[in-house]
Amino acid sequence: MNAQLLERAIAGISDPDYPAAFDAPLRASFAGGCARRIGYQLRNEPATNPLTHVSILAFNIGSAVHLVVQAALQRLYPDGEAEAEGGLIALGSAICPWDPSDDGGEPTIGCHADFFYGSDALPTVVEIKSMQPYAFNKAKEEGVQEHHLLQAGLAGLALGAEYLELVYVNKSQGQIAVYRFHPSAWRAKATQEAIRLARVYELHTEGELAPPMDPERKVWQCKFCPWLAVCTEAGN
Ligand code: SF4
């Protein structure tokens with residue numbers, strides 16, 4: 001065996017694709033994402049640019065960090081819940097929390113909050129993100145990444161949260177930062193994002209694909225997109 005052989009074997013391990021909460025077509029982690037990429041995912045389009053062993057290792061390191069932080073949160077908040085599930089349903093142009101006991105339809109967006117606590121006082125959704133030092137330090141100066149806030153916000157809407165907390169972990173140096181958000185900072189923009197995602201799903205059901213996020217395909221999302229080649233071939 002040599003290193004290249006092992007790297008290829010790691011690259012062959014597919015990205016663990018956890019089912020969306022309640023088997024909804026959309027998931028909260030799509031927040032802020034390219035509409036065309038979401039369309040490809042909904043179509044089960046075969047990946048033309050599969051993940052490398054580097055991405056798969058990074059993903060699994062991130063998953064391990066999640067588990068440690070979730071265990072620590074459970075110690076701090078014994079009544080809290082890791083991987084709390086919630087759903088959102090699109091009703092016309094409105095977005096509402098989905099009630100599993102209600103037989104009025106299936107959820108459009110399934111959400112797994114990394115942690116949910118304070119349900120009888122100040123219900124709070126916690127989203128954990130592990131990152132490299134550069135991104136961690138950048139957030140300290142410029143604030144959190146918008147798509148992280150939107151992802152947490154979708155779970156917040158689904159679970160009836162008041163506050164959101166983003167836990168950023170510098171996975172190389174072990175530093176932690178917690179950013180807490182009042183409803184005025186997230187609820188309206190999360191609602192808009194849920195409406196956008198529901199529209200992407202509607203396009204999918206009509207057999208259409210949204211335009212690319214960047215016609216030049218130079219944004220970082222394109223660089224790591226599993227459908228870069230097919231998207232480029234499809235044009236704009
Ligand atoms: S290559 Fe870029 S524009 Fe095309 S689907 Fe992927 S992220 Fe979207």
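What follows is a set of questions and answers on this predicted model.

Q: Why is Gly 39 called buried?
A: A residue needs 20 or more other C-beta atoms within 10 Å to be buried. Gly 39 has 20 C-beta neighbours inside 10 Å, so Gly 39 counts as buried.

Q: Where is Gly 39, and what does Gly 39 touch?
A: Gly 39 sits in helix 2. Leaving out residues up to four places away in sequence, Gly 39 touches Val 200, Leu 203, His 204, Leu 209 and Ala 210.

Q: Which residues of helix 2 are buried, and what do they pack against?
A: Arg 36, Arg 37, Ile 38, Gly 39 and Tyr 40 are buried in helix 2. The buried residues of helix 2 pack against helix 6 and helix 8. Just after helix 2, Asn 44 has a positive phi of about 55 degrees.

Q: What does Ala 229 touch, and where is Ala 229 found?
A: Ala 229 is found in helix 8. Not counting residues up to four places away in sequence, Ala 229 touches Thr 48 and Asn 49. Ala 229 and Ala 47 are 182 residues apart along the chain, and their C-alpha atoms are separated by 8.8 Å.

Q: What makes Ile 13 partly exposed?
A: Partly exposed lies between the two limits, 12 or fewer for exposed and 20 or more for buried. Ile 13 has 13 C-beta neighbours inside 10 Å, so Ile 13 counts as partly exposed. Ile 13 is in the loop between helix 1 and strand 1. From Ile 13 to Leu 209 is 196 residues in sequence and 28 Å in space, C-alpha to C-alpha.

Q: Why does Glu 83 count as partly exposed?
A: Glu 83 has 13 C-beta neighbours inside 10 Å, so Glu 83 counts as partly exposed. Glu 83 lies in strand 2. Phi of Glu 83 is near 55 degrees, a positive value in a residue other than glycine.

Q: How do you know that helix 1 and helix 3 meet?
A: Contact requires C-beta atoms within 7 Å. Glu 7, Ile 10 and Ala 11 in helix 1 meet His 53, Ile 56 and Leu 57 in helix 3. These contact residues divide into four nonpolar, one polar and one charged.

Q: At what angle do helix 1 and helix 3 pack, and what is the handedness of their crossing?
A: The angle is about 65 degrees, with the axes of helix 1 and helix 3 8 Å apart. Helix 1 passes helix 3 in a left-handed crossing.

Q: What makes a set of residues a nonpolar core, and which members of the largest one touch the most other members?
A: Members are buried nonpolar residues joined through C-beta atoms within 7 Å. The largest nonpolar core has 50 residues, and Leu 88, Ile 109, Ala 113, Val 125, Leu 154, Ala 155 and Ala 194 touch the most other members. Helix 5 gives the most to this core, with eight residues. Apart from this core lies another, of five residues, among them Tyr 40, Cys 222, Trp 227 and Cys 231.

Q: Which residues come nearest to the ligand?
A: Cys 34, Pro 212, Cys 222, Cys 225 and Cys 231 come nearest, of the 14 residues around the ligand. Helix 2, helix 7 and helix 8 each give two or more residues to that shell. Helix 2 gives the most, with three residues. The shell divides into nine nonpolar, one polar and four charged residues.

Definitions and conventions
Residues numbered from 1 in each chain as written. Predicted model: local features only at pLDDT ≥ 70, side-chain atom pairs only at ≥ 80, totals over all residues. Near = placed C-beta within 6 Å. Helix = DSSP H or I, 4+ residues; strand = E, 2+ residues; numbered from the N terminus. Nonpolar A, V, L, I, M, F, W, Y, C, P; charged D, E, K, R; others polar. Axes fitted to C-alpha atoms, helices over the stretch in contact; angles between N-to-C directions. Left-handed = near helix turned anticlockwise from the far one by under 90°. Contact = placed C-beta atoms within 7 Å.
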